[in-house]
Amino acid sequence: MKKSLPRYLALEESIQLLESVDGANKERDYCILTLFLNCGLRISELAGLNLGDIRGDQLRVLGKGNKERVVFFAEGCREALDDYLAVRDNGKIAEEAKNALFISSHNRRITARGVEQMVDKKLLVAGLDVNRYSPHKLRHTAATLMLKNGVDTRALQEVLGHSNLNTTQIYTHLDNASLHEAAMA
């Protein structure tokens, strides 16, 4: 059965998205988008992050099937996290959310739906097609950019938390498609 290739943002579109972040929760939103674009997290993984999951230059991520993995992040992610953490605690965070990394405007743990709505708003502000992109497409973007920058397929499998290498190999086909497209231009 033929599978369609995943959609992803070009590097320029990713930069455009990050540069368009503004508003009341700009540090949080920028941090969320940065983690999506650099670490390839699933939306549920991001919403489930706790403060204790940040360990130096790595995140402890609880993935599908309650499988734990460690994802390393770059200096840009560290800076985004530090900027967000500096403004995170407004003194009104609900008791059950004190441990949550990302807090909603209602001072509770941000939900997957809340992240999705924020991403949609930021995509609109950046002038990008909301029907074409989503938080999961940001995961595809991270995977594609990692692969294009020389990350090994097996390493990418670990980063994304795929249990089967075949799941990760869709990105190698994506890269082959872009090579073919470039040859035809």
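Predicted model: local features only at pLDDT ≥ 70, side-chain atom pairs only at ≥ 80, totals over all residues.
Residues are numbered from 1 along each chain as its sequence is written, and side-chain values use heavy atoms, with hydrogens and water left out.

**Helix H2**
- H2 spans residues 26–39 and has 14 residues. Helices here are DSSP runs of H or I with at least four residues, numbered from the N terminus.
- From first C-alpha to last, H2 reaches 19 Å, close to the 20 Å expected at 1.5 Å a residue. That expected span is 1.5 Å times one less than the number of residues.
- Ten of the 14 residues of H2 are buried (under 20% relative accessible area, 1.4 Å probe, protein chains only).
- Just after H2, Gly40 takes a positive phi of about 65 degrees.

**Asp29**
- Asp29 sits in H2. Its relative accessible area is 4%, so Asp29 is buried.
- Asp29 touches Val21, Met118 and Lys122, not counting residues up to four places away in sequence. Contact means heavy atoms within 4.5 Å.

**Salt bridges**
- The structure holds nine salt bridges (a side-chain nitrogen of Lys or Arg within 4 Å of a carboxyl oxygen of Asp or Glu).
- Lys122 bridges to Asp29, with the closest N and O atoms 3.5 Å apart. Lys122 lies in helix H5 (residues 112–125) and Asp29 in H2, so the pair ties together parts 93 residues apart in sequence.
- Arg28, Asp29 and Lys122 are linked in a network of salt bridges.
- Arg60 bridges to Asp53 at 2.9 Å between the closest N and O atoms, and to Glu68 at 3.1 Å.
- Both Arg60 and Asp53 are buried.

Notes:
Helix = DSSP H or I, 4+ residues; strand = E, 2+ residues; numbered from the N terminus. Buried < 20%, exposed > 50% of the residue type's maximum accessible area, 1.4 Å probe, protein only.
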